[in-house]
Amino acid sequence: MMCSLMDRKPKPSIVRLGGREIVAEGLQLNFWADISHRCMTASWPSFIAGAALVFVVFNTIFGFLYWLGDNPVSNITHSDYIDYLYFSIETLSTAGYGDMHPQTHYGHFIATVELFTGIFSMSVMTGLVFARFSRPRARLLFANNPVISTREGTPTLMVRIANERHNIIGNATARLWLLKNVVNRDGHALRRFTELSLEKNEHPALALTWTLFHVLDETSPLSNLDADDMKSVSVTLVVVVSGYDVVAAQTIHARKSYDHTDIRFNQRYADILEELDGGRVRIDYGRFHDTEEE
C-alpha cells in the first residue's frame with residue numbers, strides 16, 4: 001500500500017496561454033514547498049478562507065490541550081471544552097481579557113507555546129497581507145482582438161492598449177512575440193518564438209491609449225500569411241508591456257496572449273477620440289474593443 005501511495009501520479013494542472021489550455025502532468029511539486037507562492041497567487045476569498053481555517057485549527061488543537069490538563073485555567077467551573085476553546089482564542093490573538101488565566105505549570109506551558117505560535121503566525125500573516133496589497137499591478141486594458149489592416153499602403157498588425165488608471169506610466173516599453181509550430185531538419189515538431197519588430201516600442205508617458213504597429217513587410221514572419229496559414233502553424237501572439245508607475249513608485253508589468261482565432265483580418269479599430277469645444281478631447285472607452293471594416 002505504501003508503494004502505491006509513493007507511485008501515485010500528481011494531479012494534472014491546467015495552464016492557459018491565450019485561448020489554449022495546456023495540461024501539465026508528471027510534475028512533482030509538494031504543496032508546502034511552494035506555500036508562499038500559493039498564498040500570493042490565491043484569490044482573496046481563498047486566502048482569507050485559508051487563514052480562517054488555520055486560525056480555527058490552531059485554536060482547536062490548543063483548546064484540546066488545555067482540556068486535557070487538571071484545571072490549568074482559572075475561572076472555568078465545569079471544565080467544558082468550549083470554555084478552553086474561548087481561552088485559546090484570547091491567548092492566540094493576545095487579547096487576554098483577564099477573567100481567565102493559567103493557574104498551573106501545565107497551563108502556563110501550553111499558554112507559552114500558544115503565545116509563541118500566535119506571535120509567529122500573526123507576523124507571517126501580516127507579511128503576506130502587506131505583500132499582497134503592495135504588489136504592483138498594472139491596470140492595462142488590452143483590446144480583445146488584434147487587427148490586420150492596410151496602414152500607409154502597407155499591411156500592418158495592430159494591438160491597442162489603454163491605461164485604466166490614467167496615471168503616468170513612464171518609459172513604457174512594449175514587446176510583441178510570435179509563437180508558432182515549426183518542423184526542424186530532423187522532422188521534429190517544435191514550438192518556436194520570435195520577437196516581432198514594432199514601429200514604436202517605447203512610450204515616454206503612457207496615460208491614455210497606445211496602439212502598437214507591426215508592419216507585415218518581407219522581413220516579417222507573418223508576411224503573406226492568411227487565417228488558414230496561421231491556423232496550420234497554430235500562431236499565438238504575446239504582448240508584454242512594462243513601465244514605471246509614478247504613483248506606486250514601482251515597475252509594473254502586464255501581459256496579454258492572443259490565439260490565431262483572435263486576429264481580425266481587413267479590420268481596423270473603431271475611432272474612440274472626439275474633438276470637443278474648448279480644445280477638449282473625449283475618449284469613448286465603451287468602443288475600445290470595437291473593430292470595423294476597412
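## Surface and overall shape

The protein exposes about 18,700 Å², and carbon and sulfur atoms supply 57% of that area; accessible areas come from the Shrake-Rupley method with a 1.4 Å probe, and for residues only the protein chains shown count as cover. What you see above is a predicted model, in which local features need pLDDT of at least 70 and side-chain atom pairs count only at pLDDT 80 or more, while totals for chains, interfaces and linings use all residues. Residues are numbered from 1 along each chain as its sequence is written, and side-chain values use heavy atoms, with hydrogens and water left out.

Let's look at the outline. The C-alpha atoms fill a box of roughly 90 × 65 × 25 Å, taken along the principal axes. The radius of gyration of the protein is 29 Å, whereas a compact globule of 294 residues would have one near 19 Å. That radius is taken over C-alpha atoms, and the globule rule is 2.2 Å times the number of residues to the power 0.38.

## Helices, strands and contacts

The secondary structure comes to 6 helices and 16 strands. Helices (H or I, at least four residues) and strands (E, at least two) are DSSP runs, numbered from the N terminus. Of the 294 residues, 31% are buried; buried means under 20% relative accessible area, exposed means over 50%, and partly exposed lies in between (1.4 Å probe, protein chains only).

Contact means heavy atoms within 4.5 Å. Among contacts between residues at least 6 apart in sequence, 63% join residues at least 24 apart.

## A walk along helix α5

Helix α5 covers residues 105-134, which makes 30 residues. From its first C-alpha to its last it reaches 43 Å, close to the 44 Å expected at 1.5 Å a residue. The expected span is 1.5 Å times one less than the number of residues.

Which elements do the buried residues of α5 pack against? They pack against α2 (35-41), α3 (44-68) and α4 (81-92). The buried residues in α5 include Gly107, Glu114, Thr117 and Arg132.

## Rings that meet

A pair of aromatic rings is described by the distance of the centres and the angle of the planes. Here, rings of Phe, Tyr and Trp (its six-membered ring) pair if their centres lie within 6.5 Å; planes under 30 degrees apart count as stacked, over 60 as edge-to-face and the rest as tilted. By this rule the count comes to 7 aromatic pairs. One of them joins tryptophan 44 and phenylalanine 47, which are edge-to-face at 5.7 Å centre to centre, with 90 degrees between the planes. Both residues lie in helix α3, 3 residues apart, about one turn of the helix. Tryptophan 44 is partly exposed, at 31% relative accessible area, whereas phenylalanine 47 is buried, at 7%.

Why does the pair of phenylalanine 116 and phenylalanine 120 count as stacked? Their ring centres are 6.3 Å apart and their planes are at 20 degrees, so the pair is stacked. These two residues lie in helix α5, 4 residues apart, about one turn of the helix, and both are exposed. An α-helix has 3.6 residues a turn, so residues three or four places apart point the same way.

A charge sits over a ring if NZ of Lys or CZ of Arg is within 6 Å of the ring centre and within 35 degrees of the ring normal. Arginine 151 has its charged end over the ring of phenylalanine 213, 3.9 Å from the centre.

## Some single residues

Is serine 88 buried or exposed? Serine 88 is in helix α4 and counts as buried because its relative accessibility is 0%. Not counting residues up to four places away in sequence, serine 88 touches Asn59, Phe62, Gly63, Tyr66 and Glu114. Methionine 100 is in the loop between α4 and α5 and counts as buried too, at 13% relative accessibility. Leaving aside neighbours within four places in sequence, the contacts of methionine 100 include Val73, Asp83 and Phe87.

Now for two loop residues. Asparagine 71, in the loop between α3 and α4, has phi near 50 degrees, a positive value in a residue other than glycine. Serine 234, in the loop between α6 (227-232) and β10 (236-245), has a positive phi near 55 degrees. Asparagine 71 is partly exposed, at 37%, while serine 234 is buried, at 11%.
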